[in-house]
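Thanks for making time for this one.

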Protein chains: 2
Amino acid sequence: METNFTEQIIKQIINAWASNSKTISNFFTKYEDAYYLTEVAPGRNRAIYLLGHLIASNDSMLPMFDLGESLYPELEATFLRTPDKTAADTLTIAELRQYWETLNTTLAAHFDKMQTQDWMGRHNRVSEEDFALEPMRNKLNVLIGRTNHQQYHYGQLTLLTQKVPAV
Amino acid sequence: METNFTEQIIKQIINAWASNSKTISNFFTKYEDAYYLTEVAPGRNRAIYLLGHLIASNDSMLPMFDLGESLYPELEATFLRTPDKTAADTLTIAELRQYWETLNTTLAAHFDKMQTQDWMGRHNRVSEEDFALEPMRNKLNVLIGRTNHQQYHYGQLTLLTQKVPAV
């Protein structure tokens with residue numbers, strides 16, 4: 001009989017997300033606050049915007065996974081539906097850094113309690129009919145996608161490094 | 001009894017890798033060849049270097065997974081151990097594009113044949129002793145990591161877009 005590795009693999013996927021989140025936390029505590037107001041490349045997003053964007057994107061997993069409401073629903077308009085530098089900043093890097101940490105702790109506590117059947121189940125942005133046809137559109141797939149999304153933007157954030165010394 | 005979702009989850013992880021690889025293929029066929037000689041940000045890697053880097057990095061999965069020798073071992077020195085713009089280019093973007101496609105086809109054919117026990121087994125950069133202590137250092141974890149690595153660099157590559165029209 002084949003060993004059931006399901007729980008171990010789910011744990012590996014959660015670990016990859018947590019490890020990437022920690023790397024991003026380290027990036028945002030490494031320099032003086034003013035540093036994060038810099039664009040990652042000429043004319044592109046600033047680091048502070050990308051942090052708000054990652055918070056808003058990951059926060060949406062709470063309602064998608066039926067784990068409750070988003071912690072910071074007010075970030076969606078600014079960081080998911082509006083480009084950077086459209087209006088004056090309403091949040092400081094210190095505030096966003098705190099949101100990011102609180103969100104990661106909240107998500108990690110939920111993920112720790114979720115069972116295999118939860119992860120393999122439908123998320124709230126796919127209908128029951130569509131899920132019956134495409135069972136891979138489960139919660140675990142959302143976490144895999146969000147982890148890749150984080151890495152995509154972390155690759156951009158690292159372009160800022162080496163410009164100024166760490167504090 | 002709990003359903004064994006192991007094969008489905010492994011398939012989801014392979015799909016995430018394949019989907020990201022395809023996105024990168026599309027990026028590298030979208031513009032004129034000269035475009036890929038541009039740096040992704042001032043003073044940083046050029047797109048052509050990042051493509052060589054991704055090929056060399058993913059190619060190493062073949063020996064790591066006991067699937068044979070690397071297809072392009074000569075790329076390791078240039079794209080993994082030497083920074084960009086150290087010497088004149090020895091390969092054109094057209095050649096690297098072909099390497100990337102051949103490598104992806106080769107890896108996909110191998111991945112399609114691999115069984116759960118293969119994925120959950122040790123890769124060749126971890127000793128039997130270390131693997132006994134850390135069973136999550138398996139082949140599947142390498143694929144998760146390589147997928148994240150691709151996305152990290154794809155996030156950098158997209159900074160080039162919107163500078164010139166697509167061909």
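Which rotation, and what shift along its axis, superposes chain A on chain B? In this predicted model, the answer is a rotation of 180 degrees with 0.0 Å of shift along the axis, and the superposition leaves an RMSD of 0.0 Å. The two copies are therefore related as by a two-fold rotation axis.

Chain A averages a pLDDT of 94, and 95% of the residues score at least 70, while for the complex the predictor gives an ipTM of 0.94 and a pTM of 0.95.

Now the single chain. Chain A holds eight helices and zero strands, so that is not a conclusion I had to reason towards but simply what the assignment of elements returns. The C-alpha trace of chain A spans about 55 × 30 × 25 Å along its principal axes.

Let me move to the interface. On chain A, 39 residues are in contact with 39 residues of chain B, and the area buried between the two chains is about 3300 Å², with carbon and sulfur atoms giving 58% of that area. If we ask which three residues supply more than any other three of the area that chain A buries against chain B, they are Q12(A), Y152(A) and L159(A), which together supply 18% of that area.

As for polar interactions, the count of salt bridges between chain A and chain B is zero, whereas 19 residue pairs are found in polar contact across the interface, with both residues of each pair at pLDDT 80 or more.

Which elements give two or more residues to the side of chain A that touches chain B? They are helix 1, covering 6–27, helix 6, covering 116–119, and helix 8, covering 139–157. Helix 1 of chain A gives the most, with 11 residues. Taken by residue type, the side of chain A that touches chain B divides into 16 nonpolar, 19 polar and four charged residues.

To close, I would keep two points together: chain A and chain B superpose through a rotation of 180 degrees, and the interface between them has zero salt bridges alongside 19 residue pairs in polar contact.

Key. Residues are numbered from 1 along each chain as its sequence is written. Chains are lettered from A and ligands numbered from 1 in the order in which they are written. This is a predicted model: local features need pLDDT of at least 70, side-chain atom pairs count only at pLDDT 80 or more; totals for chains, interfaces and linings use all residues. Side-chain values use heavy atoms; hydrogens and water are left out. Contact means heavy atoms within 4.5 Å. Buried area is the accessible area (1.4 Å probe) that two parts lose on being put together, summed over both. A salt bridge is a side-chain nitrogen of Lys or Arg within 4 Å of a carboxyl oxygen of Asp or Glu. A polar contact is a pair of N or O atoms within 3.5 Å; within protein, one must be able to donate a hydrogen and the other to accept it, and residues adjacent in sequence count only if both atoms are side-chain atoms. Helices (H or I, at least four residues) and strands (E, at least two) are DSSP runs, numbered from the N terminus. Ala, Val, Leu, Ile, Met, Phe, Trp, Tyr, Cys and Pro count as nonpolar, Asp, Glu, Lys and Arg as charged, and the others, Gly among them, as polar. Copies are superposed by least squares on the C-alpha atoms of residues with pLDDT of at least 70 in both. pLDDT is the predictor's confidence in each residue, from 0 to 100.
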